[in-house]
Amino acid sequence: MSSSISIIIITLGIAPTLQKCVQKISLQLKSNDELVIISNKKISWPTTSHRIKFFVEPTLSQSQARNVGITKTKNSWIAFIDDDCLPTNRWMKAMRQTMHSEAVCIQGRCSIYTRTNVWEVLENVSMDVYHRI
């Protein structure tokens with residue numbers, strides 16, 4: 001089984017943590033991983049990585065945007081993370097370790113952060129991972 005992951009971020013393009021989220025994920029991408037960002041408006045993003053893909057879908061709900069994101073991915077493992085979440089430095093490593101079990105769905109811890117503590121506490125990041133069957 002391949003351990004390549006497609007990460008999908010659905011965004012309104014206004015979350016102050018979006019850029020930091022993308023940076024933290026980019027550092028963890030392996031050669032066949034990809035990051036797919038679905039935005040409801042065009043955002044200027046300086047990227048040279050072929051593993052980061054942007055798509056604008058202005059009229060979709062979050063659920064519809066997630067479905068569009070799935071159609072834009074190539075890997076059998078798909079993870080969703082919100083644009084206001086910050087993954088830990090071992091977020092994708094933890095996913096890869098779990099992939100080799102019998103799991104078809106992985107759910108990470110979810111914590112609510114205030115503006116003052118979101119940068120201080122990064123261990124409890126919401127994570128949903130689904131495997132195509």
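I looked up I8 first: its bridge partner in β4 is F80. The two strands, β1 and β4 (residues 77–82), pair in the parallel sense over 6 bridges, where pairing requires that DSSP finds at least two bridges between two strands. This is a predicted model, in which local features need pLDDT of at least 70 and side-chain atom pairs count only at pLDDT 80 or more, while totals for chains, interfaces and linings use all residues. Residues are numbered from 1 along each chain as its sequence is written, and side-chain values use heavy atoms, with hydrogens and water left out.

Entry: I then checked S6, whose bridge partner in β2 is E34. β1 and β2 (residues 34–39) also pair in the parallel sense, over 6 bridges. From β1 the chain crosses through helix α1 (residues 18–26) to β2, and this β-α-β crossover is right-handed; that is, with the strands pointing away from the viewer, the path from the first strand over the helix to the second runs clockwise. Helices (H or I, at least four residues) and strands (E, at least two) are taken as DSSP runs, numbered from the N terminus.

**Entry: whole chain.** I noted 3 helices and 6 strands in the protein chain. Along the sequence the pattern is β-α-β-β-α-β-α-β-β. The chain has 133 residues, of which 42% count as buried (buried is under 20% relative accessible area, exposed over 50%, partly exposed in between, with a 1.4 Å probe and protein chains only). For contacts (heavy atoms within 4.5 Å) with a separation of 6 or more, residues 24 or more positions apart account for 70%.

**Entry: the faces of β1.** Which way do the residues of β1 point? I5, I7, I9 and T11 point one way, S6, I8 and I10 the other, and all are buried. In a regular strand the side chains alternate between the two faces of the sheet. The count for β1 (residues 5–11) is 7 buried of its 7 residues.

- S6 has a relative accessible area of 0%, so S6 is buried. Beyond four places in sequence, S6 touches E34, T73, K74, N75, W77, I78 and A79.
- I10 counts as buried because its relative accessibility is 14%. Leaving aside neighbours within four places in sequence, I10 is in contact with I38, Q62, A65, R66, I81 and D83. I also took the C-alpha separation of I10 and S63, which are 53 residues apart along the chain: 9.2 Å.
- T11 is at 3% relative accessibility and therefore counts as buried. Not counting residues up to four places away in sequence, T11 touches L18, I37, I38, S39, N40, I43 and D83.

In α1 the buried residues are L18, C21, V22, K24 and I25. Seen down the axis of α1, these fall within an arc of 165 degrees, so they line one face of the helix. I find them packed against β1, β2, β3 (52–56), β4 and α3.

In α2 (residues 62–71) the buried residues are A65, R66, V68 and G69. Their arc around the axis is only 160 degrees, which puts them on the same side of α2. On the other side of α2, S63 and T71 are exposed.

In α3 (residues 91–99) I list W91, M92, M95, R96 and M99 as buried. They cover an arc of only 135 degrees around the axis, so they are on the same side of α3.

**Entry: rings.** How many aromatic pairs does the structure hold? I count 0, with rings of Phe, Tyr and Trp (its six-membered ring) pairing if their centres lie within 6.5 Å. I did find the charged end of R66 over the ring of F80, 4.4 Å from its centre; the criterion is NZ of Lys or CZ of Arg within 6 Å of the ring centre and within 35 degrees of the ring normal.

Notes: Arc of directions from axis to C-beta. Phe/Tyr/Trp six-rings, centres within 6.5 Å; stacked < 30°, edge-to-face > 60°.
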